[in-house]
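Please read this note with the model open beside it. Each point can be checked against the residues it names.

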Amino acid sequence: ALRVDSMDRLFVSDDGRDGTDVGRRDIQVFDNENNFLFRFGTGEDGEAFGENGNVQEPENFAIDEDRDRIYVCDEGPNNVVVYRFSDQSFVQRFGDGIFTGTTNGVDFDEEGRIYVVDEGNALGSGVRIFDPDTFEELGFFGELSAEDDLTPGTFNSPDTLLIDRARDLLIIADQGHDRIQGFRLSDVQRAACL
């Protein structure tokens with residue numbers, strides 16, 4: 001995944017394991033002339049992959065400069081890692097034991113609420129919504145469906161999401177159905193009692 005911040009820096013998640021358990025796993029940052037600036041998510045010496053600020057399998061991520069946060073979906077332990085945007089220091093992890101599948105996509109709305117794709121399993125599949133201050137789950141949107149069930153609002157292996165606040169859209173890549181679904185963000189917020 002990649003994102004660009006307000007300083008025109010490119011952030012790229014790297015899950016380059018080279019088929020081993022020791023390959024690099026981090027978020028790398030480049031300037032607008034493609035020069036490497038720094039990386040984060042490598043944790044401290046002695047931390048295992050998936051512990052504290054050491055990512056195991058960084059997938060999609062979102063940059064919330066207003067709240068001084070970067071949210072990274074760590075697909076290995078199936079939770080979200082929070083870093084400070086200002087200095088990329090580790091804040092905390094959240095979502096342990098909540099997700100039924102893997103965490104694949106993340107973004108936030110105008111109030112800072114965090115939306116995370118739960119790829120799911122037989123127990124469910126969709127988007128979980130979290131409070132930006134407490135990281136408590138506020139709501140859930142969607143449900144699992146079979147490969148031949150294309151009912152809107154159902155998903156078969158959703159992979160990522162994007163929130164377009166200006167257009168009031170929540171867009172979800174539903175890879176198991178080979179489609180992209182778009183929803184009015186305000187409708188999802190109402191359904192989740194936000």
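The points below go from the whole chain to single residues.

1. Basis. This is a predicted model, in which local features need pLDDT of at least 70 and side-chain atom pairs count only at pLDDT 80 or more, while totals for chains, interfaces and linings use all residues. Residues are numbered from 1 along each chain as its sequence is written, and side-chain values use heavy atoms, with hydrogens and water left out.

2. Overall size. The C-alpha atoms of the chain fill a box of roughly 45 × 35 × 35 Å along the principal axes. A compact globule of 194 residues would have a radius of gyration near 16 Å, and the chain agrees with this because its own value is 16 Å. The radius is taken over C-alpha atoms, and the globule rule is 2.2 Å times the number of residues to the power 0.38.

3. Surface and contacts. About 9400 Å² of the chain is accessible surface, and carbon and sulfur atoms own 44% of that; the method is Shrake-Rupley with a 1.4 Å probe, and for residues only the protein chains shown count as cover. Of the 194 residues, 49% count as buried (buried means under 20% relative accessible area, exposed over 50%, partly exposed in between). Among contacts with a separation of 6 or more, 39% are between residues 24 or more positions apart (contact means heavy atoms within 4.5 Å).

4. Secondary structure. The chain has 1 helix and 17 strands. These are DSSP runs numbered from the N terminus: helices are H or I with at least four residues, strands are E with at least two.

5. Four strands form an open sheet in the order β9-β10-β11-β12, with antiparallel pairing; two strands pair if DSSP finds at least two bridges between them. Strands β9 (103-108) and β12 (137-141) are the edges, each pairing on one side only. From one strand to the next the twist averages 25°, with axes fitted as lines to C-alpha atoms and angles running from 0 to 180 degrees between N-to-C directions. Strand β11 (residues 124-130) is joined to β12 by 4 bridges, and F130 stands opposite E137 in β12.

6. Aromatic pairs. The structure holds 11 aromatic pairs. Rings of Phe, Tyr and Trp (its six-membered ring) pair if their centres lie within 6.5 Å; planes under 30 degrees apart count as stacked, over 60 as edge-to-face and the rest as tilted. F30 and F36 are edge-to-face because their planes stand at 70°, with centres 5.8 Å apart. F36 is partly exposed, at 46% relative accessible area.

7. A pair across the sequence. F94 and F130 are also edge-to-face, at 5.0 Å centre to centre and 65° between the planes. F94 lies in strand β8 (residues 90-94) and F130 in β11, so the pair ties together parts 36 residues apart in sequence. Both F94 and F130 are buried. Elsewhere, F11, F40, Y83, F85 and F90 form one aromatic cluster.

8. Loop residues. Which residues other than glycine deserve a look for positive phi? One is Q88, with phi near 60°; another is F135, near 65°. Q88 sits in the loop between β7 (79-83) and β8 and is buried at 15% relative accessibility. F135 lies in the loop between β11 and β12 and is buried at 7%. By contrast, P152, in the loop between β13 (143-144) and β14 (154-155), counts as exposed at 67%.

Technical notes: Buried < 20%, exposed > 50% of the residue type's maximum accessible area, 1.4 Å probe, protein only.
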